[in-house]
Amino acid sequence: MPYIKSTCRAGRTKEICRYYTKRIHPKGEKRSRRKEKTSEKQRAVNDRNLVRKLTYILNDNFDGTSWYITYSYAVENRPDVDELKSHRRELLKNLRKLYRDNGKVLKYVETAEVGKRGATHIHMVVNDIDIRLVKDIWKYGYVTAKPMDDTGHYRKLAEYFIKYYQKTRGTSEQIQKKAYNCSRNLSRPEPRKRAMRGNRFPKEIRVPEGWYLDKEGVREGITEDGYEFMYYTIIQIRRRNRDEGTEFKQNRPGHTGGEAGGAAGSRQKMQGSKRRKAGCSGV
């Protein structure tokens with residue numbers, strides 16, 4: 001049993017990870033030189049893992065009916081740390097009421113972005129709602145929104161969220177201690193791990209019919225402990241027939257799902273404009 005295979009199914013995606021450990025690796029294999037751990041390197045590893053976990057959550061809970069919303073502060077309304085925390089609680093309270101009033105239950109992931117020059121935003125992914133309603137509950141600036149694409153894979157959106165957190169962390173770690181906050185009603189997929197037999201783990205990526213590979217998301221290298229790893233994500237293809245919206249699968253080898261796997265379309269300021277999707281698969 002020379003390697004570990006980890007599989008995480010989230011929505012229409014499946015992440016496959018193969019790696020060695022101190023206990024499970026090819027017989028006679030010497031590990032690479034152990035990397036010296038520093039706080040910066042460890043933080044980078046932690047942030048990569050945050051991206052993966054957030055990708056699982058986004059893929060399993062949101063889809064093409066969801067929205068990526070940014071609540072921004074006007075310069076004269078920029079808050080201090082305590083005010084920002086209070087405004088986030090107020091915003092979530094108002095959103096929950098808005099969804100209840102429309103017969104829905106709010107699902108969200110949110111994080112703050114505070115730049116060194118003071119620009120402040122609250123970024124949020126929410127489930128389906130009449131987006132024209134959200135502009136009325138924010139009184140500190142302006143609201144922009146993008147419809148999520150229907151690929152079902154939101155890795156790049158997760159990367160953006162962690163970058164926002166990194167920026168905020170660099171400004172003040174007191175603003176938020178967690179990279180992002182989620183509503184309690186979200187599912188949180190967990191990888192399933194098992195020890196595999198064979199000489200070494202295969203580096204060949206096999207994409208089943210009806211799926212495609214996120215080529216930009218393929219990662220391989222050496223862990224901080226000196227052991228080899230690789231992981232990648234495949235996405236199940238869904239297309240709709242013209243007759244009554246019937247779903248069917250079609251293989252499209254090499255398709256990567258577009259630019260970013262996140263929110264689609266050009267940024268829209270909320271002025272009661274109609275929702276529209278521009279065929280872009282990313283932030």
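Student: How much space lies in the largest pocket?

Tutor: In this predicted model, about 810 Å³ of space lies in the largest pocket. On a 1 Å grid over the protein atoms alone, a pocket is an open set of points where a 1.4 Å probe fits, with protein on both sides within 12 Å along at least five of seven lines. Residues are numbered from 1 along each chain. Local features need pLDDT of at least 70 and side-chain atom pairs 80 or more, whereas totals for linings use all residues.

Student: Which residues are the closest to its centre?

Tutor: Lining residues have an atom within 4 Å of a point. Of the 28 here, Cys 17, Val 45, Asn 49, Arg 52 and Thr 223 are the closest to the centre.

Student: Which element gives the most to the lining?

Tutor: Helix H1, with eight residues; helices are DSSP runs (H or I, at least four residues).

Student: How is the packing of H1 and H3 described?

Tutor: Two packed helices are described by the angle between their axes and the distance between the axes. H1 (residues 39-61) and H3 (residues 155-171) pack at about 135 degrees, with axes 8 Å apart.

Key
Heavy atoms only, no water. Axes fitted to C-alpha atoms, helices over the stretch in contact; angles between N-to-C directions. Helix = DSSP H or I, 4+ residues; strand = E, 2+ residues; numbered from the N terminus. Points joined across faces, edges and corners; volume = space filled by probe spheres on them.
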